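Subject: Handover of a structure, with notes

Hello,

I am passing a structure on to you. Please have a look at it first, then read the notes below.

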Amino acid sequence: MTQSVAEGSPVNFSCRASGVPTPTLVWVLNNDGYRHCDISQTEHDGESLLVIPIVTKAMNGTYKCEARNKANTTSSTATLRVYGKFNYNDNDDSDFDDNDGERKEDDNGEQDGHEDKAVVIWESRTDKEKNRSDGKASAQVVPDSFPTLAIGDILTLTCQVNEDTVNVTWKKDGDSLSERAKIYTQLNKKKSELNITKVLEEDSGKYYCEGRNELGFVDRHFVEITVKVSPQMKTHPIDQSAFEGYPVNFSCLASGYPTPTFFWDFNNGDLPAGSSQTGQEGESTLELPRVTKEMKGNYSCTAKNIINTASSSATLDVYELPKIIPKQPAPIIEGGTLQLTCLFQNSEATIWKKNGVEKIQRAKLDTKDGKKVITISDVEIDDSGQYSCEASSDAGSRSTDVMVKIMAALHQVSAMQNTEQDEVEMGQLIASADGWEIAVDRLNFREPIGRGAFGSVWRALLGRSHGRRGNCTVAAKCYLPISGEEGRKALLREIELLKLFGRMGHENVVKFIGCVTVGAQPILIMEYLWRGDLLGYLRKSRGVFDHYHRGVGRVDHLTTYDMVLFAKQIANGMTFLASRGIIHRDLAARNILLDEHRVCKLTDFGLSYQDFKYGTGNAKRGCIPVKWSAPEILIGHVERLSTKSDVYVLQPLLYTFEVSTCLRCLLNELNNQCFIDQS
């Protein structure tokens, strides 16, 4: 390869040859060898490097590399051209001295401008130096500063060079230009022009113009271009529907340069009271904590920067909660008429239920003036219960309920007082010393609804005492003989714990109705919650329909607000247990039930332990739910068991809310021992 350098610069030549045996490489200058002591040669495995640290004019000529072995000889040549030295003294008006190009020295006796390269890169100098006819190339981009560009504008840059420039190259950020950039170079007019007809955001950057002379010397200059981008909506706010009192969030996402700022408005005016805006770079969220009818309307998000604005809007539709008239029905005497009216925006989207069941015996349903009316003539004691009106809309479904009490006729009251005490709600019977025992013949088992380690749970009908008409639906947990004596004792122990809750119980703990412990295998009787367990409900709300959800009825779409409400209810139930000194030890989503109002209730106390009664550190070892247990239980330190153990398990329980559709698959990949090791 031919090289042209200035005197005093370093030069390297290299060649490579192959053959068997490995050839020997020899360098020859002008077919006569070389006699310069400062030239060195290194050779390694078929490759040779000739190093000339400082070239002189005497080193002009042709360098030949010969490869020789026993079989043959081959060669290749390159030419070295050495030019006189340049003067780099900026304080002198001339770039060359009068002594045949001898390099001048500065005040320190050092040679200015020397670089250890075969090609010298010149940085930009003053216009006076650039326009001199001194053998050096020059380059100057015009304009040297550029106004703001917007997408679609035209970019035109001109590079002014001198008569010694033989080549002009344009680059962007040190790399080649895009295909959309057009270059027009006219060396006879000493200029080169770059043109982009419609700039894009990616055209921002530094544009370099490089001028090169015959010796390979380069001068460069650059200008920085910034393309401003109008805001573009990437994510639009979406239309939403909600019931009064529930939260709603709108969000929008926009790009642009500079990064846009966001503004929200409601029906082209101020936002409703109580609303707030949050956001981060390029994104904004409008939060409405509790919507009202007055908040129904159009919400617009506007993104703005110095170039332009962009906006997008969404509509909020607010539904009133269904209302029941009368709000608090007075007690009705047997034989009278019960009539309830449900008010909602769309009466066709409402249904009546009694105790969570849609089919109501002897009830007549009618629609009058847009109102859904339920009527029951000649009412009986069995018609007592909770009546709910459930309304469906684009926002999901919500219900309102009232309690209806049917009283016995006067001639029956005195007879009842002579034969039995008043019964409490849900068929609880004071029939034994502790008031919880119920005769087994009052139970009519219907179908199984669950199964655990020590027993199975059935939906059953609990009849009234003394052969009186009327049944109420309950859940009955029965002892399984295959669980042995340990299972029987565990069920009896759970019954004793539930008695501690009292007849009032707690709103977030399943209600204990009574038990069968005399004359039969033990049976635990509790309230029946038709929505089923929380795990199945979460899975079904996300579109997974499998055996986990044994509840009935439609599953509503769940919002973040619903999840937070679930967590609060579970924590309330845990607080109640802790106040009684009870440690649940199996606080999984499968052991939390939902009532008709979607209120969470803790259940399944088969593994529970009460430190008030048994003393700290006396918990029994045995079967445990590994993946829902605290570390002190997994490693066998049951003496450290406390109510804090349930708090620890609350973490994976809350995690279930986010990934309920795949949590079981995720946990099943770990066997119990692996899970303990990773804990």
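**Ground rules**

This is a predicted model, where local features need pLDDT of at least 70, side-chain atom pairs count only at pLDDT 80 or more, and totals for chains, interfaces and linings use all residues. Residues are numbered from 1 along each chain as its sequence is written, and side-chain values use heavy atoms, with hydrogens and water left out.

**Overall**

The protein has 10 helices and 42 strands. Both are DSSP runs, numbered from the N terminus: helices are H or I with at least four residues, strands are E with at least two. Of the 679 residues, 44% are buried. Buried means under 20% relative accessible area, exposed means over 50%, and partly exposed lies in between (1.4 Å probe, protein chains only). Take the contacts between residues at least 6 apart in sequence: 61% of them join residues at least 24 apart. Contact here means heavy atoms within 4.5 Å.

**Sheets and strand pairs**

Strands of a sheet pair through backbone hydrogen bonds, either parallel or antiparallel. Two strands count as paired if DSSP finds at least two bridges between them.

S13 pairs with strand S14 (residues 191-196) in the antiparallel sense, over 5 bridges. Lys182 has Asn195 in S14 as its bridge partner.

Another open sheet has 3 strands, ordered S28-S31-S32, also with antiparallel pairing. Its edge strands are S28 (350-354) and S32 (396-404), and each pairs on one side only. Here too the twist averages 20° from one strand to the next. S31 (residues 385-393) and S32 are antiparallel and share 9 bridges. Glu390 has Ser399 in S32 as its bridge partner.

Strand S22 (residues 283-288) is worth a look as well. S22 pairs with strand S19 (residues 248-257) over 6 bridges, in the antiparallel sense. There, Leu253 is bridged to Glu283. S22 also runs antiparallel to strand S21 (residues 276-280), with 5 bridges joining them. Thr278 has Thr285 as its bridge partner in S22. The hairpin of S21 and S22 has 2 residues between the strands, and Gly282 takes a positive phi near 80° in that hairpin.

**Nonpolar cores**

A nonpolar core is a set of buried Ala, Val, Leu, Ile, Met, Phe, Trp, Tyr and Cys residues joined through side-chain atoms within 4.5 Å. The largest one has 40 residues. Phe501, Leu534, Ile570, Leu577 and Phe605 have the most contacts inside it. Helix H5 (residues 560-579) gives the largest share, 6 residues. Where does this core lie? Domain 5 (434-528) and domain 6 (533-678) both give residues to it, so the core lies between them. The domain bounds come from an automatic or database domain assignment.

Leaving aside neighbours within four places in sequence, Leu577 is in contact with Phe501, Val509, Ile582, His584, Leu602 and Phe605. A second, separate core has 20 residues, including Phe250, Phe262, Cys301 and Ala314.

**Helix H3**

H3 (residues 484-499) has 16 residues and should span 22 Å at 1.5 Å a residue. That expected span is 1.5 Å times one less than the number of residues. The end C-alpha atoms of H3 are 24 Å apart, which agrees. Its buried residues are Gly487, Ala490, Leu491, Glu494, Ile495, Leu497, Leu498 and Lys499.

**Two single residues**

Gln339 is in strand S27 (residues 338-343). Gln339 counts as partly exposed, at 46% relative accessibility. Its contacts, apart from neighbours within four places in sequence, are Ile325, Pro326, Val373, Ile374 and Thr375. The C-alpha atoms of Gln339 and Lys364 are 9.4 Å apart, with the two residues 25 apart along the chain.

Gly174 is in the loop between strand S12 (167-172) and S13. At 43% relative accessibility, Gly174 is partly exposed. Gly174 and Gly205 are 31 residues apart along the chain, and their C-alpha atoms are separated by 9.9 Å.

Best wishes

Technical notes: Axes fitted to C-alpha atoms, helices over the stretch in contact; angles between N-to-C directions.
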